[in-house]
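I am opening a notebook on a structure that is new to me.

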Amino acid sequence: MSPRPDLGPRPHLGYTASALDRAAHRRGEATALATDPRAGAYVVGGEMIVTRKREHGGDPLFALAEARALGSAREIVLLGFCDGAARFGMSVGKETVEALKGRGDFLVTDLRTIAVQGLVAPEHLPPIAEAKALLAWHGRHRFCANCGAPTGVAEGGWKRECPACKVEHFPRTDPVVIMLAVRGERCLLGRSARFASAMWSCLAGFVEPGENIEEAVRREVREEAGIVCGRIAYFASQPWPFPMSLMIGCHAEALTDAITVDPGELEGARWFDREEIALMLLRRHPDGLGTPPPVAIAHHIIRGWVEGEAGDFG
Ligand SMILES: [Zn+2]
């Protein structure tokens, strides 16, 4: 094995390590907590996050009363507590987003851009991700999936109840496997047509009903690239609020070499050796090829393999 390249200090994985105490037992107090003058709120409008413009980026945390004054709230959910003060997520409609975009004192932009460009202080990313995912669920679950009646919000936004058939609905998180198949000194990356040009990444796909993580990893790699995998090693996971997924990062032991790309899923897939991957991580690849940025778990899974952390087969 060639010497491992020095990639420098390890970056933080985006949207993880929240400072909020979710304090689920206090969710029933959400209405009373919303009247506390210390209550703060993050304001979400679809993919957009509303921040107060600062010299560099924006401040996304508003007093709840200030947030309410920005526009009519669709939903207000209790995210948790920071230093004893309640933190809420508030969703607003497109018209509010457009009105605030037109004002010079607000920076309204999508969460991916905010995270990649570091437009807010890092401690705000996990609660914003929590707010965005939970509010996205509310936006798509206003009616009972059992009987079709309009549902109402309960438990500070952590439940919807159907007044007609009495069924309770809970916020969901969709599990996605994201994996790096490795074979000796090489690993498999693919690129989707929607990627920025020259970016290559891990393969990924939703876990299907009746599958475990290992089975989903093997199926996705086989479907997308025609590669058969054996052993699977869990690496790390990441909340991914686009709109409400949990990325489950793994390394997979590839047992075959010949790639057959599914053109419906990928624009291309190929093997890369460690040296080439290191250059991509360091943004020094001679052809400008790159990996996803450190905010995404794909970056960490790929780096983990370069640094020798891909289970006992990597
Ligand atoms: Zn119902």
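**Ground rules**

I am working from a predicted model, where local features need pLDDT of at least 70, side-chain atom pairs count only at pLDDT 80 or more, and totals for chains, interfaces and linings use all residues. Residues are numbered from 1 along each chain as its sequence is written, and side-chain values use heavy atoms, with hydrogens and water left out.

**Zinc site**

I looked up which residues hold the zinc ion. The protein donors are C144, C147, C162 and C165, each through SG, at 2.2 to 2.3 Å. A donor here is an N, O or S atom within 2.8 Å of the metal (3.2 Å for Na, K and Ca); water is not among the atoms, so sites may look incomplete.

I then checked the geometry. The angles among the four donor atoms run from 102 to 114°, and the site is tetrahedral. That label requires four donors with all angles between 85 and 135 degrees. For four tetrahedral donors the ideal angle is 109.5 degrees.

I noted the spacing in sequence: C-x2-C-x14-C-x2-C. C144 sits in the loop between α5 (125-140) and β8 (152-154), and C162 in the loop between β9 (159-161) and β10 (168-169), so this pair ties together parts 18 residues apart in sequence. Helices (H or I, at least four residues) and strands (E, at least two) are DSSP runs, numbered from the N terminus. Are C144 and C162 buried or exposed? Both are buried. I use buried for under 20% relative accessible area, exposed for over 50%, and partly exposed for in between (1.4 Å probe, protein chains only).

**Salt bridges**

How many salt bridges does the structure hold? I find 27. Each is a side-chain nitrogen of Lys or Arg within 4 Å of a carboxyl oxygen of Asp or Glu.

I picked out K132 with E47, whose closest N and O atoms are 3.2 Å apart. This pair links distant parts of the chain: K132 is in helix α5, E47 is in the loop between β1 (40-45) and β2 (48-53), and 85 residues separate them. K132 counts as buried at 2% relative accessibility. E47 counts as partly exposed at 40%.

Next came E75 with R142, at 3.0 Å between the closest N and O atoms. This pair also links distant parts: E75 lies in strand β5 (residues 73-82), R142 in the loop between α5 and β8, 67 residues apart. E75 is buried at 8%, while R142 is partly exposed at 27%.

I also logged R172 with D174, at 2.6 Å. R172 is partly exposed at 48%, and D174 is buried at 15%. Finally, E208, E211, R219, E220 and E223 are linked in a network of salt bridges.

**R160**

I found R160 in strand β9. At 3% relative accessibility, R160 counts as buried. Its side chain makes a polar contact with the side chain of H138, at 2.9 Å. A polar contact is a pair of N or O atoms within 3.5 Å; within protein, one must be able to donate a hydrogen and the other to accept it, and residues adjacent in sequence count only if both atoms are side-chain atoms. The backbone oxygen of H141 is likewise 2.9 Å from a polar atom of the R160 side chain.

**Cores**

I asked which residues touch the most other members of the largest nonpolar core. They are Y15, L180, L189 and I277, in a core of 53 residues. The largest share of this core, eight residues, comes from α5. Apart from it lies another core of 22 residues, among them V43, A67, F88 and L100. Such a core is a set of buried Ala, Val, Leu, Ile, Met, Phe, Trp, Tyr and Cys residues joined through side-chain atoms within 4.5 Å.

**Two last residues**

V177 lies in strand β11 (residues 174-183). V177 is buried, at 0%.

R222 belongs to helix α6 (residues 213-225). R222 is exposed, at 52%. Leaving aside neighbours within four places in sequence, R222 is in contact (heavy atoms within 4.5 Å) with I227 and V228.

Definitions and conventions: Four donors count as tetrahedral if all angles lie between 85 and 135 degrees; four count as square planar and six as octahedral if opposite donors are over 155 degrees apart and all others between 65 and 115; anything else is irregular.
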